Amino acid sequence: MALFLGLDSSTQSLSALVVDTDSGRVVLDKSLNYGSALPEYHSPHGFLENADPAVKHSDPLMWVEALDRLFESIRASGFDLGSIAGVSGAGQQHGSVYLKTPLASVTWTTKSKLAEQLRPLLSRPTAPIWMDSSTGADCAAIAEAVGGDGVVTRISGSRATPRFTGPQIRKFARTEPAAYAATAEIHLVSSFIAGVLAGASAPIDFGDGAGMNLLDLAALRWSEPLLAATAPGLAAKLRAPVASTTRVGEIAPYFVERYGFRRGTPVIAFTGDNPSSLVGMGAALPGTAVASLGTSDTIFAAMREPKTDPRGFGHVFGNPAGGFMCLICFSNGSLAREAVAERVKLDWPAFERAILAETEPGNGGNLMLPYFVPEITPRIAKPDVRLFGTPDFVAWRAPALAARAIVEAQALAMRRYSDWIGETPRTLLATGGAAKNRGILRVLADVFQAEVRTLAVANSSALGGALRAAAAVEGRSFADLFAPFCAPGPERTTPNAKVTSVYAELGARYAEEMTKLGC
Ligand code: ADP
Ligand code: XUL
């Protein structure tokens, strides 16, 4: 048996998945939902309430409490964590944790839980996450300081972007200079969790580091001009970035004593949830696009050659398997679908039936602009939900039309804003919580005119972590690991070629409405 653990500290949950590379099987797959398991953190969807819809922070204590709780329950289930030969994983991208004391100088004691020990180490009690859009002024200032957004994009692969960590750090340094000055170390969620596990100041990897507006993608090191434009003394608070297969330390004694890990178990650099998912979907080589339908919806693919989005919404990140990946992120993903489902009182099976059996492609011309929260792609600063169509639909009295309308609008947005990648995918691999919904897969297949498939293992980001740990520790090639673990399941959603013109027309209407909004 050769067992590798992958963790995924995502927006709404923490997942742990173990692969056995000898048998080619997944031997453990367990998740803990923050909202339901940790109600004391007042984060039903993984983030804290804030009166300003542009501000979205989470409590880092919740993330480490989740680690303790998940390991406790894995141990209680009888699984021997001492059999794990290597650990890696992923975190929601862009979120940042600010520490007074470097993790390397901390020794976790088994006398109390991680959250209690972490509390006094934080120089900022909360962590801004990827849903935060409150840094418009900082983005503008960074772009101006280096010679414009074109320069930021040329260096970092993305224009100055509100949720990215650099603008978030700039806002913190500007609004809370004393707390910023007291910060010894800044982490992404990925390097933070890796650092907690290893009891080390784990470095940020190229995959997740590219989501900061700080990494020089050509040189693969922090960019001097971007550091200078962001905040004073920033270089000293970041470790040099590393490749995603780098060993960052070994599991801290706390986890050995408390949960039975084997002393010396290697911890491999963590990466962002999307780069990790690229590996977990077996899509790390160019040719396959992935639609990830989690809290955010994202569409991503490995890149043949680095290319940036002329509209400025898409991003280039490091591909953990080497080279680069492109990604487009939509903040109105699952939570917007949930908002519609709740409003028209449909549970998920009814939502699925509404699309598959009760409505037609094109939705009889009923269209929704589904911006329940500020949108990342395209940039929409304030919540803005608009309905166009028949009287029952616009009065929210037509549940089935509402279900199809939001999913069609999301799929049309994915198609429109991913056109810069230049390759229309023949196959789209779907993952994330909403990929269980056949209605959503049907609309994606028809709008993209691509076959949509899902993998047998649903937790692709945690799986990507386990596979990266196996690649780093056993020296196996990714191609070798993809064959047993990343095979698509038997189900295929094939596109209906007859609806091409329906979506060309609806796509044009959607584009017209977006153009009116300046997007
Ligand atoms: P994240 O990794 O961002 O925390 P997940 O990939 O776990 O999120 O997805 C969670 C989301 O999946 C939930 O917010 C929920 O809306 C959605 N979801 C779960 N089941 C279904 C379903 N059958 N149909 C549509 N959406 C679903
Ligand atoms: C990607 C992004 C989100 C988060 C949360 O750029 O912001 O997909 O990684 O999943």
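In this predicted model, 26 residues of domain 1 touch 21 residues of domain 2, where contact means that heavy atoms lie within 4.5 Å. Domain 1 covers residues 3–269, while domain 2 is made of 281–455 + 487–519, with bounds that come from an automatic or database domain assignment. Because the model is predicted, local features need pLDDT of at least 70 and side-chain atom pairs count only at pLDDT 80 or more, whereas totals for chains, interfaces and linings use all residues. Residues are numbered from 1 along each chain as its sequence is written, chains are lettered from A and ligands numbered from 1 in the order in which they are written, and side-chain values use heavy atoms, with hydrogens and water left out.

**The interface between the domains**

- The C-alpha centres of domain 1 and domain 2 are 28 Å apart, and the two domains bury about 1,800 Å² between them, 61% of it on carbon and sulfur atoms; buried area is the accessible area (1.4 Å probe) that two parts lose on being put together, summed over both.
- W130, R159 and R163 supply 29% of the area that domain 1 buries against domain 2, which is more than any other three residues supply.
- Between the two domains there are 0 salt bridges, a salt bridge being a side-chain nitrogen of Lys or Arg within 4 Å of a carboxyl oxygen of Asp or Glu.
- On the side of domain 1 that touches domain 2, there are 10 nonpolar, 14 polar and 2 charged residues, where Ala, Val, Leu, Ile, Met, Phe, Trp, Tyr, Cys and Pro count as nonpolar, Asp, Glu, Lys and Arg as charged, and the others, Gly among them, as polar.

**A salt bridge between helices**

- Side chains of opposite charge can pair when their charged atoms come close.
- The salt-bridge rule gives a count of 17, and one of these pairs joins D138 to R170 at 2.9 Å, N to O.
- D138 belongs to helix α4 (residues 136–146) and R170 to helix α6 (residues 165–175), so that the pair links parts of the chain 32 residues apart; helices (H or I, at least four residues) and strands (E, at least two) are DSSP runs, numbered from the N terminus.

- Strands β2 (residues 13–20) and β3 (residues 25–33) pair in the antiparallel sense over 8 bridges, and two strands are said to pair if DSSP finds at least two bridges between them.
- V18 stands opposite L28 in β3, and in the turn of this hairpin, which has 4 residues between its strands, G24 has a positive phi of about 70°.

**Backbone exceptions**

- Most residues other than glycine have a negative phi, and most peptide bonds are trans.
- The peptide bond from T377 to P378 is cis, with omega near -5°, and P378 lies in the loop between β18 (367–371) and β19 (384–388).
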